[in-house]
Amino acid sequence: MLARKDIVALVVLSVLGLFGNILKFEIFFNVDFLFGSIFAVLAVRIFGFYGIIPAFIASLYTYVLWNHPYAIIIFTAEAVFIAAFRKKTGNLVISDLLYWLFCGAPLILFFYHFAMELPLRPTHIIMMKQSINGIFGALVASIMYDLYSYFISSRGEEKVRISFKLLIFQIIVFIIIIPMVFYVIVSVRVNREFTSKNMRENFSVLLEATTTSLERFTHDTLLTIDYVNKEVVNHENKSEEEEELNTELKDILSSNKEFISIGVLDKYFNILKSVRYEDAEVVITDTGSIGKVISEDYHWRKGEVYVSDIHKVDKKNVIYLIKPIVRDNGDIDKYVYCSLNFEFISTLIKQMSRSTNMFFSLYDRNGDIITYTGPDNVHINSLSERTEKGVTELLEDGISIWTPKPSENISVMTLWRDSRYTKAVRLSDPMPFTLVADMPLIGFVRYMGKTANGALFAIFAIGLVSICIAYFISSRVTKQISILSEQTKNLPERLRKGENVNWPETKLTEANTLRDNFIHMSEQLNERFFELKMQQEELNILLDNIPSMILVKDTQNNILRANKKGAEAFGIKKQEVVPLGDIMPDFAKGYYEKDTKVIASKKGIYNQTTRYVFPDGNEIMARVSRIPLMSKEDEVENIILVIEDITEELKSNEEKQQMLDVMNHQSKMAEMGAMINIITHQWKQPLNVTGLVVQNLKEALESDEFDKESLSEEVMMLEANNNFLTETIDDFSDFFKKNKSKSVFNVHEVLKDVYFLIEKQFIQCGISVNVYSKNAFEVNSLKNEFKQVILNLFNNAKDAIVDKGIKNGAIHIYYEKHEEFGKIIFTDNAGGIAQDLLPEKLFNPYVSTKGGDGSGIGLHVSRTIARESMGGDLIAFNEDGGARFEMTIPFADLEKPAV
């Protein structure tokens, strides 16, 4: 199990590995030298197989770089290989070299050449580059780890020693490989930049020449239409004959072979006069219209020439140039036009392309292609399609590199064969065309591939030789360490078998350190083996002696393991796999439904009461807890069942409840006796009055002094006494009604009702009762049971004052409100409660503060009601020469009052 600091270190190495790959060094055309492998190998060196996690995370960025997942597989496999063989070789560089020779290179060949159909030469380049990159990363990671160990890590005051053999090996390889790697990589990149710069300069020169030729042609064309406009205006001003204008137009058309026709239009673009070629002759016509070639939303401006899109006329691609004739007042009533044969422009572009390795694309004002001089397989129909099909990277000189967008699982290296330098130029007004020049990079790519392939192969070959030489020299120098290494083969297994290992003496520091470490490790392994054995035995004994039944089930309702008690109850073996349905067919389905709830929620279910009928017919009531065991994928893998037999406990609880009912009954009887005493006091005076009235009536009848008015007064007095007696009986009857339903009531109002019943007794005893209504609150609880507790507290305080002969006895009652609950507080001045009864003994059953006069159950029942029936509590303590009782009642479903 990893410690927290180890987890933090893994996260840091993962982030560094990811950024190392993001901050890659591009050699050429997406052949990148990555630095993330340094931290990936370092993680494996430190954490072993846990280090595969940073290696995998760092490799994820290669999907962004190279557009396929195969590099993730190759680099992760590298980490797995190094983790598996790092202890066998003892050398990260050799482990990495072995991986690339026997695993990495075949994987690259399979994925790049056969899966992605990359040609052999690019595949070979990738093979060499990734191998060198991996070995470089392993070497740097190994050096970083040793430097950390030597300069930072320590045990006590003694520095941690490093391997002398590995140190020699690393120095030799570092001196040879590192300078060569940087020299070759930088030289290849410099060569790429130099060649690329020359190509772009030639590209710019050729593009400028082509653009100049097109603009010169455009300039000549505009001069021609200006001349036509001028001639038409002069003809109108001089009122010359129509034939003279026709002759002039014919001469203009004959001297400009690129035009198909020229003429004059009215303001609705109908042809007023036109000369055109027909069967190689110039003819005159005055019919037709070209209004459809002009955009409807076009706004004419003085001196401006409108150039149309391409239109088909007599199977020829034609462009119309139209210029308005603007009068002095600004009106436009005529236009002159020329129809230009587009083949002249197309031919000019093709001529410029033919003499270079460039090709051109000409797009109209809508971005659609109208001329293309390149191969058909790279033909792009519109400017928007260029963006959809490829990615453009703008360079500092204004030229861009256009690369096709990669398809899924296609190496970006293959796309460089179809990449090109490109630049778009908008032709000068009024031509609505965009010229795009492209220079394919296939030749450049092949040249750089050939150059890099040779350089990388040379580095790899020299690196391989240097590693062999370094290994040979370091092995010869540290031969004694090799002998010690031989002694430590299969050390854990040998120690487990009890074999006595002979550790040879050596004078080398490295060998001596290794010897000490292995001896220490041997002792630790022996201790650990012994501890594990003892822990296993202790765990088995502990589980077998737990009184509960413990089962381990899978998610398919099968029992996998059981402790001793569980195995006996279910009639199975402790390590036996048994479907629950086979041994408990009638109950397995019901039990499994509860398992499915745990599986679905991924949360345990605790302390459920369930009836179990075992295969032998034994039936129990059980308290069952189901605890999920999660897998690495955060899914429920197994469920632990803890089954506790509570049959006897339930019987004990039932008996306890019966005893409590008896005590409640006793308490009721005691309270009823007190109530009868109260009723006696309440009825005494009314009964005396009734007796006197009866005596008066009898004497009146005997003396014949009976009159109607006297009779009426006596009857009214009898009725009043009778009503008082009836109300008294009703109040006390309501007090003893059994009602277990909750209701919302104000504690102050109910407390006053209780006191009203017993008020005369307190007056007769000379006890003042002070009830402070401030902070009174409402609760949702059992009203009659609350009355029972309040009555008990009143009587308890009264009896204490009377028994101790306290003059000027006083009881104070007030309220407190808290966030979740309220308090009713009774205080008296009766001298307090005996200390040996506080804090809990006072509430035990049959413990009385009144000696032989008390039942000892009143306060016990009151606390039981407060806790179990009302969800609150009742406590007592002494305060200021008297007793203080606090009854707590939760607000329950009521909205919490402000405190």
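**Close-up views of a predicted model**

**View 1. The hairpin of β28 and β29.** D880 takes a positive phi near 55° in the hairpin of β28 and β29, which has two residues between the strands. The structure shown here and in the other views is a predicted model. Strand β28 covers residues 873–879 and strand β29 covers residues 882–890. The two strands run antiparallel and are joined by seven bridges. Among the facing residues, A876 stands opposite F885 in β29, and N878 has A883 of β29 as its bridge partner. Strands of a sheet pair through backbone hydrogen bonds, either parallel or antiparallel.

**View 2. The open sheet that contains β28 and β29.** Five strands make up this open sheet, in the order β24-β26-β27-β29-β28. The pairing within the sheet is mixed. Its edge strands are β24 (768–771) and β28, each of which pairs on one side only. From one strand to the next, the twist averages 15°. In a regular strand the side chains alternate between the two faces of the sheet.

View 3. Helix α22 lies across β24, β26 (810–817) and β27 (821–828). The direction of α22 is at about 175° to β26. Helix α24, residues 858–869, lies across β28 and β29. The angle of α24 to β28 is about 130°.

**View 4. The packing of α22 and α23.** Two packed helices are described by the angle between their axes and the distance between the axes. Helix α22 spans residues 747–764 and helix α23 spans residues 783–803. Their axes come within 10 Å and cross at roughly 40°, so α22 and α23 are oblique to each other. The crossing of the two helices is right-handed. On the α22 side, the contact is made by V747, V750, L751, V754, Y755, I758, Q761 and F762. These residues meet K783, F786, K787, I790, L791, F794 and K798 of α23. The residues of this contact divide into 11 nonpolar, one polar and three charged.

View 5. Strand β5 (residues 259–266) and strand β6 (residues 271–278) run antiparallel and are joined by five bridges. L265 has I271 in β6 as its bridge partner. Four residues lie between β5 and β6 in their hairpin, and F269 in the turn has a positive phi of about 65°. Five bridges also join β6 to strand β7 (residues 281–285), and β6 and β7 run antiparallel. Here Y277 has V282 in β7 as its bridge partner. The hairpin of β6 and β7 has two residues between the strands, and D279 takes a positive phi near 55° there.

**View 6. S131 in helix α7.** S131 lies in helix α7, which covers residues 120–151. Is S131 buried or exposed? S131 counts as buried because its relative accessibility is 2%, and buried means under 20%. Not counting residues up to four places away in sequence, S131 touches W100 and F460.

**View 7. V598 in helix α19.** V598 belongs to helix α19, residues 588–601. With a relative accessibility of 0%, V598 counts as buried. V598 and I639 are 41 residues apart in sequence, and their C-alpha atoms are 8.2 Å apart in space. Leaving aside neighbours within four places in sequence, V598 is in contact with K603, I605, R626, P628, V636 and I639.

View 8. Most residues other than glycine have a negative phi, and most peptide bonds are trans. N557 is not a glycine, although it has a positive phi of about 70°. N557 is found in the loop between β17 (549–554) and β18 (558–562). With a relative accessible area of 9%, N557 is buried. N808 is not a glycine either, and N808 has a positive phi of about 55°. N808 is placed in the loop between α23 and β26. With a relative accessible area of 69%, N808 is exposed. The peptide bond from L838 to P839 is cis, with omega near 0°. P839 is in the loop between β27 and α24.

Terms used. Residues are numbered from 1 along each chain as its sequence is written. This is a predicted model: local features need pLDDT of at least 70, side-chain atom pairs count only at pLDDT 80 or more; totals for chains, interfaces and linings use all residues. Side-chain values use heavy atoms; hydrogens and water are left out. Two strands pair if DSSP finds at least two bridges between them. Axes are lines fitted to C-alpha atoms, for helices over the stretch in contact, and angles run from 0 to 180 degrees between N-to-C directions. Angles under 35 degrees count as roughly parallel, over 145 as roughly antiparallel, 65 to 115 as roughly perpendicular and the rest as oblique. A crossing is left-handed if the near helix is turned anticlockwise from the far one by less than a right angle, and right-handed if clockwise. Contact means heavy atoms within 4.5 Å. Ala, Val, Leu, Ile, Met, Phe, Trp, Tyr, Cys and Pro count as nonpolar, Asp, Glu, Lys and Arg as charged, and the others, Gly among them, as polar. Buried means under 20% relative accessible area, exposed over 50%, partly exposed in between (1.4 Å probe, protein chains only).
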